[in-house]
Amino acid sequence: MTSKTNSPVLFNTEEIYKIFFCDGECVVALDFPMVLLYFLDSIARDDDKIILINVNQENNLFDEEFVCNGTKSICLDNLNHVHVQKYIKEVDDFDVTATTNLDSFVDENCKFSNFLADLIVKLLSIEQISYQKVSEILELFLGVKIPRQRVYDLFNKAIDGYLSMSIQELQKKIMGGEIEFSGLVHYDEEFLWIKHLPYVRLTLLDAENKLIIEDTVIPRELFTKDYIKLFLETSLENLEVKTIITDGYRAYASIIDDLGFNHQRCTFHAMKNLMDKLIKKHNGLNRRIKKLNNDIKELEKEIKEINEKYKRQKGRTLKDDTQRQKDNQKKRKLNKKLSEKKAEKKKCTNKLKQDDNLLKKIS
């Protein structure tokens, strides 16, 4: 008696193609697993169409006596064969048209975008690489090019949720004793733009083990003194906090004092603020020296022109030579200005050297 052996299943590409495509068209509802669009696009032939339809919208349009009227090609991550359905009906001798409503498809929660976003976040969590490199990796595995800007947008869409999950896991480990909480907390915020709107990211970090305690992004208009206090109070609840380290913003002192925590100003931020002031002053001195150099060059040029004018005339200036008298007077004024400019330049240069020494010490 012979026993059966497990053999690999072989698929016939032609048979698979016939399952999905009929007369060069494949109609796909928006609740279809959109990841398979890559597969459908890869087996589609030159003039084939993958037509996306919104079933609920289409039923309503048919009730209103619309009829199908061709298709319209759309740009979707460089897929070559994706179209939307077009509809038409005549009202008072005018044609009213509609196309597949893709709001649910391009929504942040659609399966297609979520698949790509999750993949992109995981790639960037393995190694810090450029968005362009991620685009190239996706093209290698999926067979289509995901533009760099699309990679960037999807990453920013998914990263907050990814961080929130990581933070929750981390807090469980801290509370469970798997990671010892140092009690020293860094607090800082970052001002950023998401889809052309202003937001603020608030972050709490364990100063010793460098792990995130809490991280959240809020609209800029919600960022107030009261919200900072609420964020610190709720995020640090049940944790034995020794000190909160901040960048020294004035509002923090009273907030942290009200919460009963110790407050320390971050040395790095203090030095950075000092550096910023020095750099501003340093740049101002450089600009002034550059201006003085130009002024000195112009004054020297004018003085030289006067000297050249009377180069061949020796001796004292005659009293009736009024033009030379005027030029001599002008030359005296120019020489006085030149001396003043050179003295100011020397003063600025010395000050610049002092500031350079301070900058080196701070660095």
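Predicted model: local features only at pLDDT ≥ 70, side-chain atom pairs only at ≥ 80, totals over all residues.

**Strands, cores and a patch**

Reader: Which residue in the turn between strand 4 and strand 5 has a positive phi?

Author: Strand 5 (residues 94-99) pairs with strand 4 in the antiparallel sense, over six bridges. Val91 faces Phe94 of strand 5. The two strands make a hairpin with two residues between them, and the one in the turn with a positive phi, about 50 degrees, is Asp92.

Reader: Which element gives the largest share of the largest nonpolar core?

Author: That core has 31 residues, and Phe21, Leu40, Leu52, Ile120, Val134 and Leu138 have the most contacts inside it. At least two residues each come from strand 1 (25-29), helix 2, strand 2, strand 4, helix 5 (111-126), helix 6 (131-142) and helix 7 (148-175). The largest share is six residues, and it comes from helix 5.

Reader: How many residues are in the other core, the one that lies apart?

Author: Look for Phe181, Ile218, Leu236 and Ile244, which are among its members. In soluble globular proteins, nonpolar side chains tend to be buried together. This other core lies apart from the 31-residue one, and its count is 21 residues.

Reader: Why does Leu36 count as partly exposed?

Author: Leu36 sits in helix 2. Buried means under 20% relative accessible area and exposed means over 50%, so a residue in between is partly exposed. Leu36 falls in between because its relative accessible area is 38%.

Reader: Which elements give two or more residues to the nonpolar patch?

Author: Ile19, Phe20, Leu36 and Phe39 make this surface patch, which is about 360 Å². The elements that give two or more residues to it are helix 1 (13-20) and helix 2 (36-43).

Reader: Zooming out, what percentage of the residues in the protein chain is buried?

Author: The chain has 11 helices and 10 strands. Its accessible surface comes to about 24800 Å², with 51% belonging to carbon and sulfur atoms. Of the 363 residues, the buried ones make up 33%.

Definitions and conventions: Residues numbered from 1 in each chain as written. Heavy atoms only, no water. Patch = residues over 30% accessible without salt bridge, like charges linked within 9 Å, V, L, I, M, F, W, Y side chains within 5 Å. Areas by Shrake-Rupley, 256 points an atom, 1.4 Å probe, with all protein chains shown as cover. Salt bridge = Lys/Arg side-chain N within 4 Å of Asp/Glu carboxyl O. Helix = DSSP H or I, 4+ residues; strand = E, 2+ residues; numbered from the N terminus. Buried < 20%, exposed > 50% of the residue type's maximum accessible area, 1.4 Å probe, protein only. Pairing = 2+ DSSP bridges. Core = buried A, V, L, I, M, F, W, Y, C linked by side-chain atoms within 4.5 Å.
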